[in-house]
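Dear colleague,

Please find below the structure that I am handing over to you. My notes on it follow directly after.

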Amino acid sequence: MNGDAVERALDLAWELFAAQPSHPKVAELALQVLAAQPERSSVSLLLGNHREICGEADEARRLYLQVAGRRDRQFINAARALRHLAFAERDRPAALRWAHTVLTEEHEEWDDWMELGSAQALCGEHEDGWRQLDEAVALCSRTVPDELPKALGKRAVYLLGSLAPPDRFAHAAEEAIRADAANSWVALMLGWSYLVQYRFDDAEQLGLRLLRENPTEGQMQNLVETARTMLRITENAHAQDITLQDIRRTGVIELGWQQLRDQMLGTDLASALAALDDVMPADLRATLRPGASISDESEADKIGSMVAEDLVAWHDGQQPGSGSAWGLAEPFRLMSAAEIITLGTEIEADPAAHPAWPENEMWEQVMTDDAGAYLVALAFGALAKRRPGQPDEPVAASMADWIWDRVAGFGGPDPRPAPRKTEDLPQRTA
């Protein structure tokens, strides 16, 4: 194949890829070019992109790594391709490594900083990642203001994907829709922001409007279904004289958001309990009762669905007086389902005699020291110590965190993200 034929084949390959990226002729043409000029890294990347789109991830990775290994002018594009592939395969640590690699080569592209922020957040470096997304938007506004609507939309998508705090995500979605009101995907972000703001009617109406434009789009159907589920819950609550403000004070959306984020990272309560089973000392294990299955719905409601029900299913309490087996200064032990229900019934029967347990707040008793003090899961997930006549004392950010601390104390692995070392990060030039 002479030089002109090579260029014609290459032009045709790019044109076909742009129109039909999975068409088999793309690979045929790219391979013809590489047979004549194997050193052309851009063609290897084209072939890698085609393989990735066709679902051949291993072959795509091989081609990208081959180009990266040459360290030529296409290195940064190979690194970007490997970053993209890692994201697609949910290999978050690899995505973060390649995001850093890209930024050792190029500091001016706002999108590269946006990808770093996403990778950080998905790897558990939440605050650093979310702040980096904001900085990427600011960089875009300074350098390529025409692309600002795209940057705002991408930030909203990445904040939702990493389950950023509802207020943060909602603010970003509102900014994005102001910049690009006609974009249906940005509007979808706004719909989810309505949900996390407890604006269930607004979320349903927006979702229905989007479905009229895209009737088969699954994510828009999901928005409407979720909004309607929350509306039904709200209607049932109203029948019991529970207002939307009462529901909002429980932090149910925020708590659910946090639990989903923990599941994403494998740091949720279920993962913590499984890890604890692997490292639990024999003397502690001997104090725990077998788990209990709560089939009666009324009993389940009395126990509580934030964390207590999961703990009871794991082990239905602990022998009275055995709290010291945890090896902590204060001998708190797990409560059984029966103990939780009995205490709840006593509080409900005579609230005035139990001022430490207000009716208008969410709480679940989970542990007791058998001397009148309790560890309590509160609204928004925090774990606190509650004693008669004294204010609650913070104990842990969540029950899952308390369990992970025990796992680490018993010598087990702790998957919770460590704080970022800023000196290890690339620095953006001014």
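In the hairpin formed by strand 2 and strand 3, 5 residues lie between the strands, and D370 has a positive phi near 60°. Helices (H or I, at least four residues) and strands (E, at least two) are DSSP runs numbered from the N terminus, and two strands pair if DSSP finds at least two bridges between them. This is a predicted model: local features need pLDDT of at least 70, side-chain atom pairs count only at pLDDT 80 or more, and totals for chains, interfaces and linings use all residues. Residues are numbered from 1 along each chain as its sequence is written, and side-chain values use heavy atoms, with hydrogens and water left out.

Strand 2 (residues 363-368) pairs with strand 3 in the antiparallel sense over 5 bridges, and E364 stands opposite A377 of strand 3. On to the next pairing: strand 3 and strand 4 (residues 383-386) run antiparallel and are joined by 4 bridges. Here A377 stands opposite L383 in strand 4. These two strands also form a hairpin, with 4 residues between them, and F380 in the turn has a positive phi of about 70°.

Is strand 3 enclosed or open? In strand 3 (residues 374-378), 5 of the 5 residues are buried, so the strand is largely enclosed by the rest of the structure; buried means under 20% relative accessible area, exposed over 50%, and partly exposed in between (1.4 Å probe, protein chains only). Both of its faces are covered, with Y374, V376 and L378 buried on one side and L375 and A377 on the other.

**Helix 9**

Helix 9 (residues 148-161) has 14 residues and reaches 20 Å from its first C-alpha to its last, close to the 20 Å expected at 1.5 Å a residue; the expected span is 1.5 Å times one less than the number of residues. Its buried residues include A151, L152, Y158 and L159. The buried residues of helix 9 pack against helix 7 (110-122), helix 8 (126-143), helix 10 (166-179), helix 11 (184-196) and helix 15 (252-265). L163, which follows helix 9, has a positive phi near 55°.

**The protein as a whole**

The secondary structure comes to 21 helices and 5 strands. Of the 430 residues, 47% count as buried. Along its principal axes the C-alpha trace spans about 90 × 50 × 45 Å. Residues 24 or more positions apart account for 55% of the contacts with a separation of 6 or more, where contact means heavy atoms within 4.5 Å.

With kind regards
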